[in-house]
Amino acid sequence: MTGTGGARSRMLIGGEWVPAASGATFAVWDPATGDRLADVADAGSADVRAAIAAAGAARESWRDTVASDRYATLQRAVAILRDRQGRIADLIVGETGKPLAEARGEIANSLRFFDFFSHEALRLPGEYWPRVQEDRDAYVVHEPVGVVAAITPWNFPAFMVACKVGAALAAGCAVVLKPAEQTPLTALAIAEAFVDAGLPAGVLSVVPTSDPAAIGEVLLEHPEVACLTFTGSTAVGQRLLAGAAGGVKRMLLELGGNAPVIITDDVEVDAVVRHVVRARYANAGQACVAANRVYVHQGVADRFVERFTDAVRGLRVGDPWDAATDIGPLIDRRAVETLEDQIARALAGGASLVAGGRRVRDTATSAFLEPGVLTSEGGIGVFSEEFFGPIASVVVVQDDDEAVRRANDTTYGLSAYVFSGDEGRGRLIADRVRSGNVGVNCALTSDPALPFGGVRMSGIGRERGRAGVLEFLESKTIQIARR
């Protein structure tokens, strides 16, 4: 199976690399250059149904595989991925435009997660209850839900596959993976490693498509699919959740974020600036955990804005293959235009653009934007929206209560950040912020052992850690009469 160089990449169904039933393909583009990377088999409804059928046929044997054998298969895949991580990092750069150092970091982090989940296959939970009543014992087993449909986003094309596919396979489920249409090559390369590791045919299928809405409908409606896990926009998540109601399917949703940052008046400003720059501008700000709204106490506001804007102006925008580049292009032209519209509405509402925010260079499919900073003395309506790109907003607040109130003034609740010179004060503020994940005096990092997910419009369920595996298991209680 070939993934780059303009070759046609086939989809994986039932252990075989096959073209689309229709023969259709779609192009994958490099956002940094506008070059055509590859033509990929374009899955239609028939292909997805074939993948689901293959998963349904394979799920019982994978479920019944001895835990140590399942672990060994996943470990072989990890070893192969480790040998190929340089090639996969190159694919990530080509598909997303993220700088090479970030792409290498992503695949290295993905390997950590695949490795963690392989070990979880050895320790799936169960409980025994002797004499639950005078005449009986009971035990509880946790069984795989069955066929899982996984829909992954473009911004972390390897890492999100690791979070979803790694956990589901460890739990004993069969998976049909639909990667984002912008970034299918990374997912196909990862699947190739699992095939080469001896994963049984049908346990993992990959169905790239240029029509995700139509394929999503097939996944929702098919009776063999027991669970759908999705990372992406809240609007799409809402449609998927509504569509899953008819089949009463289990749903795991990681949706939008609009992460607040609270900075109290007793911080060491330079240290905080380093953390916030990292939390905002990594991956060109194209992350649902990215710091969006900075609420800084008036006592340090002037100094923070000065140091922060200086640091942002120092970020280098350019060729993602250049080791000196901090920020590459946005994923596509629609993303660029959305951000430009948000900046224009912020300025019309009274905000000031104190750094960046302008196009540096266009490509055939996207554009590079200068990392930007918007400031305001009060709330701006558009700040309630997620800025999915390298733009931060900074708002001056009077005290902790105002900061918390503004931080919680959103329908989202995925990630948040608190910086305070007093750890106790920081913890108290963190307790009051409505969010699934909070970093106190640090930017958030992804750790395999820690559960991750949002509240309110940011999602349902948890990924990562043991919690991420449990989402793909169902409890069964068995009572046994004592003789």
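**Entry 1: the largest cavity**

I looked up which element gives the most to the lining of the largest cavity, and I found β12, with three residues. Strands such as this one are DSSP runs of E, at least two residues long, and helices are runs of H or I of at least four, numbered from the N terminus. The model is predicted, so I noted its limits: local features need pLDDT of at least 70, side-chain atom pairs count only at pLDDT 80 or more, and totals for chains, interfaces and linings use all residues. Residues are numbered from 1 along each chain as its sequence is written, and side-chain values use heavy atoms, without hydrogens and water.

A cavity is a set of points on a 1 Å grid over the protein atoms alone where a 1.4 Å probe fits but cannot get out, and lining residues have an atom within 4 Å of a point. Grid points are joined across faces, edges and corners, and the volume is the space filled by probe spheres set on the points. I found four cavities of 30 Å³ or more in the structure. The largest holds about 60 Å³ of space.

I listed 13 residues in the lining of the largest cavity, and L253, E254, I460, G461 and E463 lie nearest its centre. β11 (225–231) and β12 (250–254) each give at least two residues to this lining. I sorted the lining by class and got five nonpolar, four polar and four charged residues. Here Ala, Val, Leu, Ile, Met, Phe, Trp, Tyr, Cys and Pro are nonpolar, Asp, Glu, Lys and Arg are charged, and the others, Gly among them, are polar.

**Entry 2: the seven-stranded sheet**

I traced an open sheet of seven strands in the order β15-β18-β19-β14-β13-β20-β21, with mixed pairing. Two strands pair if DSSP finds at least two bridges between them. At the edges I found β15 (352–355) and β21 (437–440), each pairing on one side only. Neighbouring strands are turned by 25 degrees against each other on average, direction ignored. Axes are lines fitted to C-alpha atoms, for helices over the stretch in contact, and angles run from 0 to 180 degrees between N-to-C directions.

β15 runs antiparallel to β18 (residues 372–376), and three bridges join them. I saw L353 opposite L374 in β18. Helix α10 (residues 333–348) packs on the sheet and touches β15, β18 and β19 (391–397), and its direction makes about 120 degrees with that of β15. Contact means heavy atoms within 4.5 Å.

**Entry 3: two helices**

I checked α1 (residues 45–63) against α6 (residues 212–221): they pack at about 35 degrees, with axes 10 Å apart. S45, V48, R49 and I52 in α1 meet I215, V218 and L219 in α6. By class, I noted five nonpolar, one polar and one charged residues in this contact.

Methods
On a 1 Å grid over the protein atoms alone, a cavity is a set of points where a 1.4 Å probe fits but cannot get out, and a pocket is an open set with protein on both sides within 12 Å along at least five of seven lines; lining residues have an atom within 4 Å of a point.
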